[in-house]
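Please look through the model below with its charged side chains, its strands and its helices in mind. The paragraphs after it take these topics in turn.

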Amino acid sequence: MSAALEELKKMLNEQDRFCRSNRIQVECIEPGYAEAVLTVTEASLNGLGHVQGGAIFTLADLALAAAANSHGFKAVTQHSGITYLRPGAGPQLRAVATEVNRGRRTGLYNIDVLNQQGKLVARATANAFISEERFAFFSD
């Protein structure tokens, strides 16, 4: 992994207080690709004892953020949707974000959320808006 991607991973894991407090972090980042992990705790569960849908969505969104920002330009979620396929349970869930298409100002991403057995828990599709602003730690 390049030094710039390491710095981006560090920034996402340390500066996103919401994800940090909910035990969600980026584990892997490459250009146009990222994986994030949610460590399931009692606070992650809904009233039925499954991982809360909002926690799964946040996990997918962090993986998207890592993949969309991996080219060095600041990007944010523009639109996203998620389909839940089975209850989330864990000790961990993993989100895998893959870039489908990237233009000058927008990108399209698929994000799969998997349980420990590799079964699909949810699938999200998201568009990212890509700004002209570059991260200082990425070289031209």
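**Salt bridges, a strand residue and a helix**

A search of the whole structure finds seven salt bridges, a salt bridge being a side-chain nitrogen of Lys or Arg within 4 Å of a carboxyl oxygen of Asp or Glu. The model is a predicted one, in which local features need pLDDT of at least 70 and side-chain atom pairs count only at pLDDT 80 or more, while totals for chains, interfaces and linings use all residues. Residues are numbered from 1 along each chain as its sequence is written, and side-chain values use heavy atoms, with hydrogens and water left out.

One of these salt bridges joins Glu133 to Lys74, with the closest N and O atoms 2.9 Å apart. Because Glu133 belongs to strand 6 (residues 120-134) and Lys74 to strand 3 (residues 73-84), the pair ties together parts that are 59 residues apart in sequence; helices (H or I, at least four residues) and strands (E, at least two) are DSSP runs, numbered from the N terminus. Glu133 is partly exposed at a relative accessible area of 46%, and Lys74 is also partly exposed, at 32%, where buried means under 20% relative accessible area, exposed over 50%, and partly exposed in between (1.4 Å probe, protein chains only).

Strand 6 also holds Glu132, which forms a salt bridge with Arg104, the closest N and O atoms being 3.7 Å apart. Arg104 sits in the loop between strand 4 (92-102) and strand 5 (106-114), so this pair ties together parts that are 28 residues apart in sequence. Here Arg104 is exposed, with 65% relative accessibility, and Glu132 is exposed as well, with a relative accessible area of 56%.

A further salt bridge brings together the side chains of Arg123 and Asp112, at 2.6 Å from N to O. Since Arg123 lies in strand 6 and Asp112 in strand 5, the parts tied together are eleven residues apart in sequence. For Arg123 the relative accessibility is 40%, which counts as partly exposed. Elsewhere, salt bridges that share partners join Glu27, Glu35 and Arg94 into one network.

Leaving aside residues up to four places away in sequence, Val96 touches Tyr33, Ala34, Glu35, Asn110, Ile111, Asp112 and Leu114, a contact meaning heavy atoms within 4.5 Å. Although Val96 and Ala34 are 62 residues apart in sequence, their C-alpha atoms are 5.9 Å apart in space.

What span should the 17 residues of helix 3 (residues 53-69) have at 1.5 Å a residue? The expected value, which is 1.5 Å times one less than the number of residues, is 24 Å, and the end C-alpha atoms of helix 3 are 24 Å apart, which agrees. Helix 3 is mostly covered, since 13 of its 17 residues are buried. The N-terminal end of helix 3 is capped by Gln52, whose side-chain oxygen lies 2.4 Å from the backbone nitrogen of Gly54.

Asn69 also belongs to helix 3 and is buried, at 6% relative accessibility. The side chain of Asn69 reaches the backbone nitrogen of Ala75 at 2.7 Å. Not counting residues up to four places away in sequence, Asn69 touches Leu8, Lys74, Ala75, Phe135 and Phe138, and Lys74 is the residue that forms the salt bridge with Glu133.

Notes: A polar contact is a pair of N or O atoms within 3.5 Å; within protein, one must be able to donate a hydrogen and the other to accept it, and residues adjacent in sequence count only if both atoms are side-chain atoms.
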